[in-house]
Amino acid sequence: WQIIRPDVNILNPPRKPRMGLWWKPELLHLVPRYFMLLHHLLYEDSKDGPLSSLREGVASGDLSLAECLTLMVQLMVNMTSANALCSLLFRLASEKEAAQKALRDTATYGEAFIQEVLRLDAPLQRNPRRCVKQPVAKGKTLQDGPKEGSQVLLFLGAANMDPTVFSQPEEFRLDREEQPLLTFGSGMHYCLGSNLVKLEMRMVLDHLTKFKSIA
């Protein structure tokens, strides 16, 4: 049971609207079977790749089996990938001119299109953090900011709309000068799966170019 997400409390049902397992309690009995299938996949796949690295992590003791299986879930069915792919399709449908360029010439415009989707529609819009020390900006301590130990909620999507960094930030443009995004965080908290999400988006974009009715 240590594998089940910590935000699910089986003994004390949360108030409605219920999420996760409480939303679909009839699926609870399938959880052990699901993780047994992942366990089988982990040790039956002899190919080189992410799974072999995870096996080595468990064998060396750097990862517990529970951590390894949970990581497999995150890699396969995490909400970041789902949100990013849905946003990609939404922008392909709504940004007609930019979409036509990206689909007709992915080599030139594909990466810029994906970058704009990730900027305007960050898959994870907000992220909770705890301040380990009082924040400092431009060398000065923020006296009126959060204190050491405070819980803060970072709005990543809002940071990507900063007009001091992006001119006309509300517009979807393929000609922007490349700027660092906070879509996947930064520093030691940078999302380890960011390259996987970008690869999935590029694969979807490349696949759609095969349909003449779209491209």
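I began at Thr-80, which is buried because its relative accessible area is 16% (buried means under 20%, exposed over 50% and partly exposed in between, with a 1.4 Å probe and protein chains only). I placed Thr-80 in helix α4, where helices (H or I, at least four residues) and strands (E, at least two) are DSSP runs, numbered from the N terminus. Setting aside neighbours within four places in sequence, I found Thr-80 in contact with Pro-123, Phe-184 and Val-197, contact being heavy atoms within 4.5 Å.

**What kind of model this is**

I note that the model is predicted, that local features need pLDDT of at least 70 and side-chain atom pairs pLDDT 80 or more, while totals for chains, interfaces and linings use all residues. Residues are numbered from 1 along each chain as its sequence is written, and side-chain values use heavy atoms, with hydrogens and water left out.

I looked up the confidence next: the mean pLDDT of the chain is 82, and 85% of its residues reach 70 or more, pLDDT being the predictor's confidence in each residue, from 0 to 100. Over residues 1–11 pLDDT stays under 50, and the model has 14 contacts beyond four places in sequence for that stretch. Where pLDDT is low, the predicted coordinates should not be read in detail.

**The chain as a whole**

I recorded eight helices and four strands, with the elements running α-α-α-α-α-α-β-β-β-β-α-α from the N terminus on. Of the 215 residues in the chain, 29% are buried. Among contacts between residues at least 6 apart in sequence, 59% join residues at least 24 apart.

**Helix pairs that involve α6**

Two packed helices are described by the angle between their axes and the distance between the axes. The axes are lines fitted to C-alpha atoms, for helices over the stretch in contact, and the angles run from 0 to 180 degrees between N-to-C directions.

I took α4 and α6 to start with: helix α4 (residues 79–94) packs on α6 at an angle of about 110°, with the axes 10 Å apart. The two helices are therefore roughly perpendicular to each other (under 35 degrees counts as roughly parallel, over 145 as roughly antiparallel, 65 to 115 as roughly perpendicular and the rest as oblique). The crossing of α4 and α6 is right-handed; a crossing is right-handed if the near helix is turned clockwise from the far one by less than a right angle, and left-handed if anticlockwise. On the α4 side I listed Ala-84, Ser-87, Leu-88, Arg-91 and Leu-92, and on the α6 side Phe-113, Val-117 and Leu-120. By class, this contact of α4 with α6 has six nonpolar, one polar and one charged residues, where Ala, Val, Leu, Ile, Met, Phe, Trp, Tyr, Cys and Pro count as nonpolar, Asp, Glu, Lys and Arg as charged, and the others, Gly among them, as polar.

I then turned to helix α5 (residues 96–104), which packs with α6 at an angle of about 130°, the axes being 6 Å apart. These two helices are therefore oblique to each other, and α5 passes α6 in a left-handed crossing. Ala-98, Ala-99, Lys-101, Ala-102, Leu-103 and Arg-104 of α5 make the contact with Thr-106, Tyr-109 and Phe-113 of α6. I sorted the residues of this contact into six nonpolar, one polar and two charged.

I listed Thr-106, Ala-107, Gly-110, Glu-111, Ile-114, Val-117 and Leu-118 in α6 as meeting Lys-198, Met-201, Arg-202, Leu-205 and Asp-206 in α8. The residues of the contact of α6 with α8 divide into six nonpolar, two polar and four charged.

**Single residues**

I looked up Leu-199 in helix α8, which is partly exposed at a relative accessible area of 47%. Its C-alpha lies 10.0 Å from that of Ser-81, although Leu-199 and Ser-81 are 118 residues apart in sequence.

Met-161 lies in the loop between α7 and α8 and counts as partly exposed at 30% relative accessibility. I noted that Met-161 and Leu-120 are 41 residues apart in sequence and 7.3 Å apart in space, C-alpha to C-alpha. Leaving aside neighbours within four places in sequence, Met-161 is in contact with Arg-119, Leu-120, Pro-169 and Glu-170.
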